[in-house]
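Please look over the sequence and the structure shown here before reading on. The paragraphs that follow go from the overall fold to one part of the surface.

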Amino acid sequence: MVNVKAEYGWSDKSFTSLLKVVQGMLLEENTLPKSYYEAKKILCPTGMEYLKIHGYPNDCILYRVKFEEMHKCPRCRVSRCKMKDDNECSSDASTKKDPPTKVLWYFPIILRFKCLFTNGDDAKDLTRHADGRKCNVILYHPIDSSQWKKINRLYLGFGKEARNLRLRLTTDGMNPFGDLSIKHNLWPTLIVIYNLPPCLCIK
């Protein structure tokens, strides 16, 4: 039902009303959520985790690993959090009182790969390039490319296992030297899985 809500753009209020109507049709002991808020609470544990990593405004460092407990950039000595006054950053820079100046949202990719292999259809798609398919002279799939074959020659163990993923990393809008007229600092980064059939990985 939540998928249908998302597909047709129902408002939260209308979805809650629908749940109440459906609940009235069911037996009294039913466990259907009474509101959209309750439905989201059921779905939350099945979602993918993400990490919020504080960053330095000028992209010098990310406050993680050895810098995680620092409250100022070791190079520029600028505070990691936004401050209204000239006060020092509090001991916990993640509080609402002192929000960070920049936050990187990191979505761990390993969990997403594992989810692909837990679905039978997706798992077949990820190994279809190696299951009885002959390489073509014409470049029909990335497996036909010289780079794919070179990786197989250089790393024999990696090449023999069809489930090993071949990835392409692409981004847009990256401006590491600040010499482009870009007013935003959002860098969409995409990872494409080349193991998939051409209709999925190329399009």
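Helices (H or I, at least four residues) and strands (E, at least two) are taken here as DSSP runs, numbered from the N terminus. On that basis the protein chain has eight helices and four strands, and in sequence order these follow the pattern α-α-α-β-β-α-α-α-α-β-β-α.

This is a predicted model, in which local features need pLDDT of at least 70 and side-chain atom pairs count only at pLDDT 80 or more, while totals for chains, interfaces and linings use all residues. Residues are numbered from 1 along each chain as its sequence is written, and side-chain values use heavy atoms, with hydrogens and water left out.

The pLDDT, which is the predictor's confidence in each residue on a range from 0 to 100, averages 78 over the protein chain, and 79% of the residues score at least 70. Over residues 91–96, pLDDT stays under 50, and the model has 10 contacts (heavy atoms within 4.5 Å) beyond four places in sequence for this stretch. Where pLDDT is low, the predicted coordinates should not be read in detail.

Of the 203 residues of the protein chain, 24% count as buried, meaning under 20% relative accessible area, with exposed over 50% and partly exposed in between (1.4 Å probe, protein chains only). Among contacts between residues at least 6 apart in sequence, 39% join residues at least 24 apart.

Where does Val-103 lie? Val-103 belongs to strand S2, residues 102–106, and counts as partly exposed because its relative accessibility is 34%.
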